[in-house]
Amino acid sequence: MDDVPPPTEHVVRPHHIGLLSILSLAFKDGQHKEFPSPFTLHLYRCLLNEISEVCHPKPYFEVLKEIALGPRAEPQACQTFLANARAMPASLDTADNLTIFFSNIPALFVEKPSDDNPIFMRRSLFGYFCRRCFVSFIKLSFSGVVKLQKDYQTWIGGDLTAGYDVINKEQLTNDVTLFKTQADKKAWAKPESFEAWEKGLAIGDDTMAVENLRRFFEQQFNDNNDSGLRQHALLNLVRMHYMHKEYDAARKLLSEAITVSRTSGDRITLQNCVSMLHRLPPTSAGQKPAPNEIQPDLHPLEVFHDVSKLADDQPIGMAFNKIMQAIGVQDHWIDVQIIPPPEEELWVQHAVQSIVWRSAGCDKLATIEENLIMAFIPLGTPDETRLAIVLNRANQACAITTPWSTCMNARMGLYDQSLRNLLDPAIWSGLGMDDYATWAHAVWNILALRATRRGQKRLYQEVLLVRRPAGYHNMKFFDLDSEGPPRSKIHEALGEVLQLRKCGQATNGMEHLLRALWHSEFLFRLHEYRTGIVLLADVGLEFGMSKRSRALVDDIMPQIICGKDPEQRGFASFTLARAIIASGESSPESLREALPYLLAAEKDYECLDILEALQDVQYFISVIYHNLDMMNERDAATRRHHATVERRAKLATTVVDEEVEAILDLIGRIGVALTSRE
């Protein structure tokens with residue numbers, strides 16, 4: 001126990017005097033016995049909350065106001081007590097009166113000569129608080145008492161910073177304390193600088209954050225010359241650079257943190273450093289990220305993070321095996337830890353499972369896992385698990401034209417609802433600046449997706465790209481003709497097929513299509529597999545294999561119809577309708593059979609605002625109606641087609657969109673508000 005620092009010294013602050021005033025008035029001479037029981041219970045709760053100091057102390061009159069709102073506060077005894085408490089600050093107008101007040105405090109906890117118990121037992125929370133404040137007061141010099149009385153009156157007057165300055169421990173100038181104990185002669189570590197470090201991270205002030213982190217770990221934690229905690233400062237800096245995606249700086253500091261941890265023999269911090277090293281992206285192209293080996297001190301969240309390393313190019317079963325392994329590590333972690341982990345960490349497994357289930361194409365199971373987190377983690381908190389679910393619902397894989405960063409509601413055409421959900425203050429109010437950047441990029445992705453689906457290339461190029469928030473961005477996700485970093489094997493292959501199909505050369509993309517089908521089937525990525533099957537049927541129509549194409553889409557259609565991807569469903573319906581017509585040799589029966597699928601495709605594309613595909617489907621519907629001699633329906637379809645053509649031409653020339661500008665301005669104002677938090 002030699003390396004354990006002594007208890008932090010106690011300094012009498014103005015709010016302590018206020019609490020002592022309430023205690024002395026309420027419990028001295030047995031006055032509390034005249035209070036009604038509900039009021040006494042409410043008084044206990046208010047005082048316990050303030051004495052325990054679980055939050056910043058409230059002003060004196062605000063505490064009295066809270067006490068006065070308690071039940072059964074109408075009797076004369078309660079009103080007399082509240083009136084005396086409100087008048088108490090006026091009686092402590094001099095240092096002598098303050099000294100007299102503190103001289104009467106021992107009556108609350110000192111045992112009487114008789115066998116009667118004192119008002120507060122010495123080891124009770126109230127008794128310990130009164131005794132500690134009294135001992136701290138009698139250690140003060142006369143100048144310290146005068147300063148405390150002036151600070152108290154200033155604090156009562158509304159200046160909540162008076163009396164809370166840092167006490168200088170320098171021996172020659174410290175004249176506030178007359179009787180100095182060992183704790184009063186040395187400045188032991190205080191948590192305020194670490195709080196400032198966390199605030200700097202939250203508001204994005206890296207300079208203030210790093211400076212306060214250095215100041216915190218430079219304090220005296222023990223009697224040794226070296227605190228032995230330098231590795232903790234380095235690890236926190238590594239985490240900051242990792243959150244900022246400054247991987248080179250993180251890797252450089254991490255090597256130093258590992259060396260310091262080994263030198264100091266800090267096994268737990270060393271394990272955390274090694275886990276952070278495994279989180280950093282590989283330095284060479286093609287190198288696979290290394291998973292963590294199960295160790296006694298390995299945090300379960302690191303094992304859950306390993307699931308993301310298996311999500312792209314490994315069978316989905318390996319991800320589920322890793323989840324089961326992580327749950328076992330989490331159960332072991334809960335058993336061996338002295339302090340139970342935060343409740344939010346227990347919901348991480350559901351967040352990871354929701355992502356893996358959705359990657360496997362099981363949207364309903366993923367939604368159940370997401371709903372668990374949304375129900376049990378409260379709104380307005382900076383909890384990253386809830387934020388991950390909110391953004392995962394706003395960043396789901398789409399398999400046709402935009403295979404990545406799209407909103408789940410936006411994929412279903414619910415752009416306005418998706419934007420309302422993300423712009424709700426309960427979502428962004430508690431975010432740090434790193435999470436704010438991720439949130440802002442998710443909102444921008446919805447605007448970009450809507451613009452590209454509508455064919456608003458000028459709006460996308462001249463407005464959205466110019467005001468794109470910081471975050472990962474790949475142009476290939478929105479425009480197949482653009483350059484960008486390589487995606488996964490399946491998405492790259494499907495992108496090549498879609499690009500060739502756009503150029504009328506879909507038959508030349510068979511190799512890419514078969515590669516995408518093989519990988520999606522082997523890795524069990526059902527969303528991509530269904531898309532590949534529909535594309536295979538579409539290419540089969542180019543080769544004249546209409547019956548085989550119809551059979552392919554018929555087999556996969558029940559899964560697509562019940563899914564939550566209207567873009568995939570619309571494309572499959574349109575392909576199936578063309579296959580039915582081609583296999584039936586354009587007979588009236590085949591035209592009538594294909595018509596419901598065409599109408600369904602029109603409804604999906606209209607909901608999604610994919611105007612180019614909607615225009616093609618509406619033209620096809622008008623031709624079908626014409627061949628069936630349904631002139632009224634044909635004319636209605638023709639009018640819808642002309643309206644789509646006109647709208648598409650109008651949107652293509654649109655550059656200024658007031659709604660988009662307002663949302664982008666709102667994102668900027670929210671960022672300013674978050675950085676201005678106290």
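This is a predicted model: local features need pLDDT of at least 70, side-chain atom pairs count only at pLDDT 80 or more; totals for chains, interfaces and linings use all residues.
Leaving aside neighbours within four places in sequence, which residues is Phe543 in contact with?

View 1. Numbering starts at 1 along each chain as its sequence is written, and side-chain values use heavy atoms, without hydrogens and water. Helices are DSSP runs (H or I, at least four residues), as are strands (E, at least two), numbered from the N terminus. Beyond its neighbours within four places in sequence, Phe543 is in contact with Thr507 and Met510. Contact means heavy atoms within 4.5 Å. Thr507 is 36 residues from Phe543 in sequence, with a C-alpha to C-alpha separation of 7.7 Å.

**View 2. Helix 1 against helix 2.** Helix 1 (residues 14-27) and helix 2 (residues 37-51) have axes that come within 11 Å and cross at roughly 155 degrees. Helix 1 is therefore roughly antiparallel to helix 2. Axes are lines fitted to C-alpha atoms, for helices over the stretch in contact; angles run from 0 to 180 degrees between N-to-C directions. Angles under 35 degrees count as roughly parallel, over 145 as roughly antiparallel, 65 to 115 as roughly perpendicular and the rest as oblique. Helix 1 contributes Leu19, Ile22, Leu23, Ala26 and Phe27 to the contact; helix 2 contributes Leu43, Tyr44, Leu47, Glu50 and Ile51. These contact residues divide into nine nonpolar, no polar and one charged. Nonpolar covers Ala, Val, Leu, Ile, Met, Phe, Trp, Tyr, Cys and Pro; charged covers Asp, Glu, Lys and Arg; the others, Gly among them, are polar.

**View 3. Gln330, buried in helix 15.** Gln330 belongs to helix 15 (residues 316-336). Its relative accessibility is 4%, so Gln330 counts as buried. Buried means under 20% relative accessible area, exposed over 50%, partly exposed in between (1.4 Å probe, protein chains only). A polar atom of the Gln330 side chain lies 2.9 Å from the backbone oxygen of Glu345. Not counting residues up to four places away in sequence, Gln330 touches Pro300, Phe304, Glu345, Leu346 and Gln349.

**View 4. Glu659, partly exposed in helix 32.** Helix 32 (residues 658-675) holds Glu659. Glu659 has a relative accessible area of 36%. Leaving aside neighbours within four places in sequence, Glu659 is in contact with Asp416, Leu419 and Arg450. Leu447 is 212 residues from Glu659 in sequence, yet 9.9 Å away in space, C-alpha to C-alpha.

Conventions. A polar contact is a pair of N or O atoms within 3.5 Å; within protein, one must be able to donate a hydrogen and the other to accept it, and residues adjacent in sequence count only if both atoms are side-chain atoms.
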